[in-house]
Amino acid sequence: MSVQNFLSAATGIAVVFALIRAFSRHNSKTLGNAWVDITRITLYLLLPLSVIFALFFVNQGVVQNFSPYVLSDNLNSSAQLIPMGPVASQEAIKLLGTNGGGFFGANSSYPFENPTVLSNFVQMLAIFLIPAALCFAFGRTVGDNKQGHTLLWVMAIIFVIAAATVIYAEYVGNPFLSDFSASSTINMEGKESRFGILGSALYAVVTTAASCGAVNAMHDSFTALGGMVPMWLMQIGEVIFGGVGSGLYGMLLFVLLAVFIAGLMIGRTPEYLGKKIEVREMKMVAIAILITPTLVLCGTAIALMTDAGRAGVLNPGAHGFSEVIYAFSSAANNNGSAFAGLSTNTLFYNVILAIMMLLGRFGVILPVLGIAGSLAMKKTQMSSSESLPTLGPVFIGLLILTILLIGALTFVPALALGPIAEHLQIWLAA
């Protein structure tokens with residue numbers, strides 16, 4: 001598992017650098033050596049950072065040993081088996097590599113895995129650290145730091161709006177479980193009391209904006225709208241910071257789409273960083289952007305149409321639908337978090353979700369590499385008055401609208417059947 005955590009992260013970064021080199025090179029038939037890239041990324045980036053973060057987590061109280069499990073008496077004077085193991089080192093690469101999962105069943109809500117408010121903050125920082133840094137690396141590699149800043153602004157704006165929405169929804173809570181007094185409206189169901197609404201809601205947005213399945217609260221216990229936002233962040237391809245490497249190359253796909261659409265609308269040459277965006281590239285962009293929505297929606301339909309799929313749904317109605325589509329959104333986008341009211345430990349879900357993970361990962365990587373190869377062979381054109389500016393507030397707004405538009409057209413009908421319907425049912429009946 002440790003090897004896979006490192007290789008998965010290194011692969012995403014290697015792929016995005018292949019795409020970045022395509023913009024910085026011209027008339028080139030090569031994009032670098034994948035084995036050299038993965039080796040350097042692992043040895044010079046992931047390993048040193050993992051050591052630093054692991055030592056910090058140990059300092060905060062995260063378990064790091066090779067001891068056998070400990071049998072202890074709890075406060076009720078009953079026996080409790082406490083797992084031991086190399087938790088801190090696993091936590092470091094799980095978070096830095098946006099791999100997700102947890103050593104303990106309760107994941108990052110468990111005190112031995114996430115002991116303090118400070119460790120909780122640093123875990124969120126670790127998830128976003130490399131994806132944010134790659135925006136700066138992109139700007140430096142293509143020779144224009146502002147290009148990287150533009151992408152970072154887009155990510156930050158959408159992230160802040162998403163986080164504010166979830167925090168607001170959880171503070172408003174469920175009208176059936178409150179008397180609307182100042183202290184009872186918040187929704188604490190499924191949350192660790194050490195972190196509260198703010199720490200739990202923020203962690204949920206961070207872990208689903210990035211392709212990291214680490215959680216410190218039960219997303220299934222969030223309010224309808226509070227659970228919808230993390231679900232939607234996965235469904236748009238986890239491009240808001242996103243996984244290490246995968247978030248940036250996903251965002252660059254939307255950049256190419258925005259440039260192409262704007263060029264057609266205003267009669268300017270569709271080009272980005274001096275590379276013309278033509279039909280061949282746009283076909284691969286369309287494949288890369290649509291592959292995961294196709295997997296999510298088709299997988300959800302198959303699950304709801306078959307007895308084996310419906311057997312895992314433990315909650316009826318709109319919330320049960322949300323649990324199913326969340327599972328496929330998480331699997332196809334390689335996230336790993338879940339609405340745990342869905343019983344997925346069955347042959348049907350183990351097989352179909354594994355297929356979704358495989359196709360979702362490589363179904364995007366292959367066209368991205370195809371785009372990189374096509375752009376690398378093109379000459380770099382000097383920008384002119386006919387070129388669309390890809391800096392400043394106007395392009396930031398255009399890129400945000402492109403992301404929202406694709407997300408709306410693809411998933412709003414499905415979200416209307418799940419979390420939106422559930423929200424309306426609850427508040428209209430209150």
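Is Ser322 buried or exposed? Ser322 is buried, with a relative accessible area of 1%. Here, buried means under 20% relative accessible area, exposed means over 50%, and partly exposed lies in between (1.4 Å probe, protein chains only).

This is a predicted model: local features need pLDDT of at least 70, side-chain atom pairs count only at pLDDT 80 or more, and totals for chains, interfaces and linings use all residues. Residues are numbered from 1 along each chain as its sequence is written, and side-chain values use heavy atoms, with hydrogens and water left out.

**View 1. Ser322 sits in helix α11.** Helices (H or I, at least four residues) are DSSP runs, numbered from the N terminus. Ser322 is in contact with Met231, Phe339, Gly418, Pro419 and Glu422, leaving aside its neighbours within four places in sequence. Contact means heavy atoms within 4.5 Å.

**View 2. The structure holds one cavity of 30 Å³ or more.** A cavity is a set of points, on a 1 Å grid over the protein atoms alone, where a 1.4 Å probe fits but cannot get out. Rolling a probe the size of a water molecule over the atoms shows where empty space is left. The largest cavity has a volume of about 50 Å³. That volume is the space filled by probe spheres set on the grid points, which are joined across faces, edges and corners.

**View 3. The lining of the largest cavity has 13 residues.** Lining residues have an atom within 4 Å of a point. Thr223, Ala224, Gly227, Phe339 and Glu422 lie nearest the centre of the cavity. Three helices each supply at least two lining residues: α7 (224-235), α11 (317-332) and α14 (419-429). Helix α7 gives the most, with four residues. By type, the lining divides into six nonpolar, five polar and two charged residues. Ala, Val, Leu, Ile, Met, Phe, Trp, Tyr, Cys and Pro count as nonpolar, Asp, Glu, Lys and Arg as charged, and the others, Gly among them, as polar.

**View 4. The largest nonpolar core has 125 residues.** A nonpolar core is a set of buried Ala, Val, Leu, Ile, Met, Phe, Trp, Tyr and Cys residues joined through side-chain atoms within 4.5 Å. In soluble globular proteins, nonpolar side chains tend to be buried together. Within this core, Ile240, Leu248 and Leu399 touch the most other members. Take Leu399: not counting residues up to four places away in sequence, Leu399 touches Leu151, Val154, Met251, Phe254, Val255 and Ala258.

View 5. A disulfide is a pair of cysteine sulfur atoms within 2.5 Å. The count here comes to zero disulfides. The sulfur of Cys135 is 17 Å from the closest cysteine sulfur, in Cys212, so the two are too far apart for a bond. Cys135 counts as buried, at 1% relative accessibility. Cys212 also counts as buried, at 0%.

**View 6. Asn335 lies in the loop between α11 and α12.** Asn335 is buried, with a relative accessible area of 2%. Leaving aside neighbours within four places in sequence, Asn335 is in contact with residues including Asn99, Thr207, Cys212, Met234, Glu238 and Ser330. Asn335 and Asn350 are 15 residues apart in sequence and 15 Å apart in space, C-alpha to C-alpha.

**View 7. Asn107 and Asn334 each have a positive phi.** Phi of Asn107 is near 60°. Asn107 lies in the loop between α3 (87-96) and α4 (117-141), and counts as buried at 10% relative accessibility. For Asn334, phi is about 55°, although Asn334 is not a glycine. Asn334 is in the loop between α11 and α12 (347-376). At 26% relative accessibility, Asn334 counts as partly exposed.

**View 8. Gly360 is in helix α12.** Gly360 counts as buried, at 6% relative accessibility. Not counting residues up to four places away in sequence, Gly360 touches Thr292, Leu295, Ala332 and Asn334. The C-alpha atoms of Gly360 and Ser329 are separated by 9.8 Å, and the two residues are 31 residues apart along the chain.

**View 9. Ser374 is also in helix α12.** Ser374 is buried, with a relative accessible area of 5%. Ser374 touches Arg280, Glu281 and Met284, not counting residues up to four places away in sequence.

Terms used
1 Å grid on protein atoms, 1.4 Å probe; cavity = no way out; pocket = protein on both sides within 12 Å on 5 of 7 lines; lining within 4 Å.
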